[in-house]
Amino acid sequence: MSSRFAPRSTPTRTTVRGGETAIPQAASQGIPRQATAGQTRTWTPPYPLNLGLTTGPLRRGPADPTFRTTPAGEAWRASRTPQGPGTLRVALRGDTVEAEAWGQGATWLLDQLPQLLGESDAPEDFTPRHRLLAATAHRRPGLRLIRTGLVLESLIPSILEQKVTTDEAYRAWRLLVRKYGEPAPGPVPAQLRMHVMPDPRTWTLIPSWEWHKAGVDNKRASTILRAARVAARLEEAAGMEPLKAQARLELIPGIGPWTSAETIQRSNGAPDAVTVGDLHLPGIVGYALAGDRTADDEEMLRLLEPYAGQRHRAARLILLSGHTPSRRKPGMPKFDIAKI
């Protein structure tokens with residue numbers, strides 16, 4: 001493959017959006033047990049696994065209180081599972097995944113570990129038809145599409161990302177989770193400052209001025225409140241076929257195709273759930289596949305048609321390639337409603 005398509009030495013904003021999160025390989029002797037031991041599990045996936053690339057889409061910014069990484073090669077995740085809050089710590093030792101979990105949701109998190117790390121994914125169904133995609137797929141054999149089995153934890157931050165910059169959305173998520181969530185169970189290192197997101201009832205009790213202080217306008221706040229009130233019905237979507245799952249989410253006013261796709265890509269591991277209605281993605285895909293930086297959603301879907309069934313994977317590989325057009329105009333302007 002030509003070096004033209006070689007990955008960049010450091011992640012860019014675009015590759016980070018594609019899920020590029022650096023997690024060092026754990027030391028050969030494995031990850032050290034914490035003083036407060038939790039439930040453990042080891043699992044050897046029957047495929048190459050890049051822990052950072054696979055779990056990267058769970059990270060909502062570098063200071064996400066629900067997902068952190070450490071120089072020791074660990075990924076820490078705080079989740080609200082059907083059994084309650086739980087903390088999961090994962091690392092790779094050679095080809096073996098070592099995991100430890102704490103809290104009421106510990107058993108559930110360990111049971112779901114293979115699904116989280118792409119066991120149900122089928123990258124062999126993807127046939128690259130463009131040189132860029134072939135090169136990127138070849139250089140990233142450890143990329144798997146996750147399936148968390150949890151809807152609200154991906155839906156709420158996706159709603160926060162509607163029509164604002166990622167920095168604004170990440171800030172809102174961080175502030176609200178730290179203020180209204182609960183400390184992650186287990187011996188989480190203090191410097192990680194991890195929290196489990198609020199339960200559905202708590203989301204509905206957040207005062208209007210706190211949404212305002214977090215920079216969340218009334219439209220997005222109202223959408224989250226509507227979703228939280230029917231959380232149980234929305235969580236059922238994790239067990240549905242992707243199209244039916246999207247349809248279930250889109251019954252909520254304020255949730256459209258962009259938000260539903262961004263959610264089920266994570267909760268359902270949907271390989272074909274391409275994100276439409278995005279400010280930048282059509283131009284990125286158009287530029288990568290046809291040299292057309294002005295492509296709209298219709299043109300993007302036309303270009304991705306050869307990858308029907310795997311369009312999300314194709315779009316993600318494009319993002320991870322870093323082969324994107326230079327900006328000709330400023331990005332979306334920031335507007336801090338908390339200052340009004």
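Contact here means heavy atoms within 4.5 Å. Keep that cut-off in hand for this predicted model.

**Stop 1: Trp211.** Select tryptophan 211 and skip its neighbours within four places in sequence. What does tryptophan 211 then contact? Its partners are Leu176, Trp203, Ile206, Val216, Ala221, Ile224 and Leu225.

**Stop 2: helix α7.** Select residues 166-180. At 1.5 Å a residue, these 15 residues should span 21 Å, and the end C-alpha atoms are 21 Å apart, so the two agree. Which residues of α7 are buried? They are Glu168, Ala169, Ala172, Trp173, Leu176, Val177 and Arg178. Their cover includes β2 (67-69), α6 (152-160), β7 (195-196), α8 (200-205) and α9 (208-213).

**Stop 3: α6 against α7.** Show both helices. Their axes lie 8 Å apart, at an angle of about 130 degrees. That angle makes α6 oblique to α7. The crossing is right-handed. Finish with side chains: from α6, pick Glu153, Ile156, Pro157 and Leu160. They meet Ala169, Ala172 and Trp173 of α7. Those three α7 residues are also on its buried list.

Notes
Residues are numbered from 1 along each chain as its sequence is written. This is a predicted model: local features need pLDDT of at least 70, side-chain atom pairs count only at pLDDT 80 or more; totals for chains, interfaces and linings use all residues. Side-chain values use heavy atoms; hydrogens and water are left out. Helices (H or I, at least four residues) and strands (E, at least two) are DSSP runs, numbered from the N terminus. The expected span of a helix is 1.5 Å times one less than its number of residues. Buried means under 20% relative accessible area, exposed over 50%, partly exposed in between (1.4 Å probe, protein chains only). Axes are lines fitted to C-alpha atoms, for helices over the stretch in contact, and angles run from 0 to 180 degrees between N-to-C directions. Angles under 35 degrees count as roughly parallel, over 145 as roughly antiparallel, 65 to 115 as roughly perpendicular and the rest as oblique. A crossing is left-handed if the near helix is turned anticlockwise from the far one by less than a right angle, and right-handed if clockwise.
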